[in-house]
Amino acid sequence: MFAAGDLVIYGGEGVCRLESVGMPETEGIDKTKAYYTLSPLYRTGQVMTPVDTGVLMRPVMTPAEADAFLTALPELPAEERGNLLGECDLIQSFLFYNN
């Protein structure tokens, strides 16, 4: 489980700061579930998603992890490199907004 203040990559939103975890007061949302409230770093607004969401959500790489990843990228087979192009875009977004 993630905690408030964590930077995560959430589905198609990209890099987000996790603002809070808990039961929302928002109308029309299931009050029996805990939700993450996320703020995308590249746009205004917020995203709310259940803690048990099926959408991919993972921690952001540290700068050292990103450097190691990018260094290893040319060594990967072509099919694996192709699958990771989106990952590179997310890393660049994170580095840009956290420089």
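Helices (H or I, at least four residues) and strands (E, at least two) are DSSP runs, numbered from the N terminus. The structure is a predicted model, in which local features need pLDDT of at least 70 and side-chain atom pairs count only at pLDDT 80 or more, whereas totals for chains, interfaces and linings use all residues. Residues are numbered from 1 along each chain as its sequence is written, and side-chain values use heavy atoms, with hydrogens and water left out.

Of the 99 residues of the protein chain, 31% are buried; the term buried denotes under 20% relative accessible area, exposed over 50% and partly exposed in between, with a 1.4 Å probe and protein chains only. The protein chain exposes about 6300 Å², of which carbon and sulfur atoms supply 55%. Such areas come from the Shrake-Rupley method with a 1.4 Å probe, and for residues only the protein chains shown count as cover. Among contacts (heavy atoms within 4.5 Å) between residues at least 6 apart in sequence, 40% join residues at least 24 apart.

Thr 49 belongs to strand E4, which spans residues 47–50, and is buried at a relative accessible area of 2%. Apart from residues up to four places away in sequence, Thr 49 touches Tyr 10, Tyr 35, Tyr 36 and Leu 38. The side chains of Thr 49 and Thr 53 are joined by a polar contact of 3.3 Å. A polar contact is a pair of N or O atoms within 3.5 Å; within protein, one must be able to donate a hydrogen and the other to accept it, and residues adjacent in sequence count only if both atoms are side-chain atoms.

Val 47 also lies in strand E4 and is buried, with 12% relative accessibility. Beyond its neighbours within four places in sequence, Val 47 contacts Tyr 10, Glu 13, Tyr 36, Thr 37, Leu 38 and Pro 40.

The ring centres of Phe 2 and Tyr 36 are 6.0 Å apart and the planes stand at 65°, so the pair is edge-to-face. Rings of Phe, Tyr and Trp (its six-membered ring) pair if their centres lie within 6.5 Å; planes under 30 degrees apart count as stacked, over 60 as edge-to-face and the rest as tilted. Phe 2 is buried at 19% relative accessibility, and Tyr 36 is buried at 3%.
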